[in-house]
Amino acid sequence: MMKFTKPLKIKLHHQLNHQLDDELYIQLENQLSSKLYNQLYNQLSSQLVWQLNGQLYDELNGKKTNA
């Protein structure tokens, strides 16, 4: 096993911490972006479905819509 000097150990420790922080940050950012995208997509899809259902209902019942 290699023996490292104390300053080198400290430097390696800091380097690893930064790498782990960066990787964790990127991972969390990707998860949140993906989760937010899915949430917004589902909300918009749901709103659009309700809107289209309402318009279709109105048209089938002879009412005018403001589409």
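This is a predicted model: local features need pLDDT of at least 70, side-chain atom pairs count only at pLDDT 80 or more; totals for chains, interfaces and linings use all residues.
Visitor: Where is Phe 4 found in relation to α1, and is Phe 4 buried, exposed or partly exposed?

Guide: Phe 4 is found in the segment before α1, and its relative accessible area of 36% lies between the 20% and 50% cut-offs, so Phe 4 counts as partly exposed.

Visitor: How should I read a pair of aromatic rings, and how many does a search of the whole structure find?

Guide: A pair of aromatic rings is described by the distance of the centres and the angle of the planes. A search of the whole structure finds 1 aromatic pair, formed by Tyr 37 and Tyr 41, with 6.2 Å centre to centre and 20 degrees between the planes, which is a stacked arrangement. Both residues lie in helix α1 (residues 6-60), 4 residues apart, about one turn of the helix.

Visitor: Why does Tyr 37 count as exposed?

Guide: Tyr 37 counts as exposed because its relative accessibility is 54%, where the cut-off is over 50%.

Visitor: What do the overall values say about the chain as a whole?

Guide: The chain has 1 helix and 0 strands. Its radius of gyration is 27 Å, well over the 11 Å that the globule rule gives for 67 residues, so the chain is more spread out than a compact globule. Along its principal axes the C-alpha trace spans about 85 × 20 × 10 Å, and buried residues make up 1% of the 67 residues. The accessible surface comes to about 6,900 Å², with 60% of it belonging to carbon and sulfur atoms.

Definitions and conventions:
Residues are numbered from 1 along each chain as its sequence is written. Side-chain values use heavy atoms; hydrogens and water are left out. Rings of Phe, Tyr and Trp (its six-membered ring) pair if their centres lie within 6.5 Å; planes under 30 degrees apart count as stacked, over 60 as edge-to-face and the rest as tilted. Helices (H or I, at least four residues) and strands (E, at least two) are DSSP runs, numbered from the N terminus. Buried means under 20% relative accessible area, exposed over 50%, partly exposed in between (1.4 Å probe, protein chains only). The radius of gyration is taken over C-alpha atoms; the globule rule is 2.2 Å times the number of residues to the power 0.38. Accessible areas come from the Shrake-Rupley method with a 1.4 Å probe; for residues, only the protein chains shown count as cover.
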